[in-house]
Amino acid sequence: MKIAVFCGSSIGENPEFAQATRALGHYLATNGVDLVYGGGNVGLMGVVADAFLEKGAQVYGVIPEYLKDRDDRRPDS
């Protein structure tokens, strides 16, 4: 099963957002879910992708053509 997650490219001011995002990623990955997301490695997008990867889940980054060469995207996206 795959799930698409849309979230911010910023972590925000409240650290609970990042904690909740990481917990969600760990929970879903531990339960056999793979991630489809925006392809960036910054902000909450990076947090959720890292959480899935930490648990060994597959991560699929989808990024618009005009952003593909920016430095803030995951190299494997």
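Biologist: Is Gly-46 buried or exposed?
Modeller: Keep in mind that this is a predicted model. Gly-46 sits in helix α2. Buried means under 20% relative accessible area. Gly-46 has a relative accessible area of 3%, so Gly-46 is buried.

Biologist: How many Å apart in space are Gly-46 and Cys-7, C-alpha to C-alpha?
Modeller: In sequence, 39 residues separate Gly-46 and Cys-7. In space, C-alpha to C-alpha, the separation is 9.5 Å.

Biologist: At what angle do helix α1 and helix α2 pack?
Modeller: Helix α1 covers residues 15-30 and helix α2 covers residues 43-54. α1 passes α2 in a right-handed crossing. Their axes are 8 Å apart, and the angle is about 35°.

Biologist: How many residues of the contact of α1 with α2 are nonpolar?
Modeller: On α1 the contact residues include Phe-17, Ala-18 and Leu-28. On α2 they include Leu-44, Val-47 and Phe-52. The contact also has 3 polar and 3 charged residues; the nonpolar ones number 9.

Biologist: Which element gives the largest share of the largest nonpolar core?
Modeller: That core has 12 residues in all, among them Val-5, Leu-28, Tyr-37, Met-45 and Val-59. Elements giving two or more residues to this core are α1, β2 (34-37) and α2. The largest share is 4 residues, and it comes from α2.

Biologist: Which residues is Val-59 in contact with, leaving aside neighbours within four places in sequence?
Modeller: Val-59 is itself part of the largest nonpolar core. Nonpolar side chains tend to be buried together in soluble globular proteins. With those neighbours left aside, the contacts of Val-59 are Leu-35, Tyr-37, Ala-49, Phe-52 and Leu-53.

How values were computed: Residues numbered from 1 in each chain as written. Predicted model: local features only at pLDDT ≥ 70, side-chain atom pairs only at ≥ 80, totals over all residues. Heavy atoms only, no water. Axes fitted to C-alpha atoms, helices over the stretch in contact; angles between N-to-C directions. Left-handed = near helix turned anticlockwise from the far one by under 90°. Contact = heavy atoms within 4.5 Å. Nonpolar A, V, L, I, M, F, W, Y, C, P; charged D, E, K, R; others polar. Buried < 20%, exposed > 50% of the residue type's maximum accessible area, 1.4 Å probe, protein only. Core = buried A, V, L, I, M, F, W, Y, C linked by side-chain atoms within 4.5 Å.
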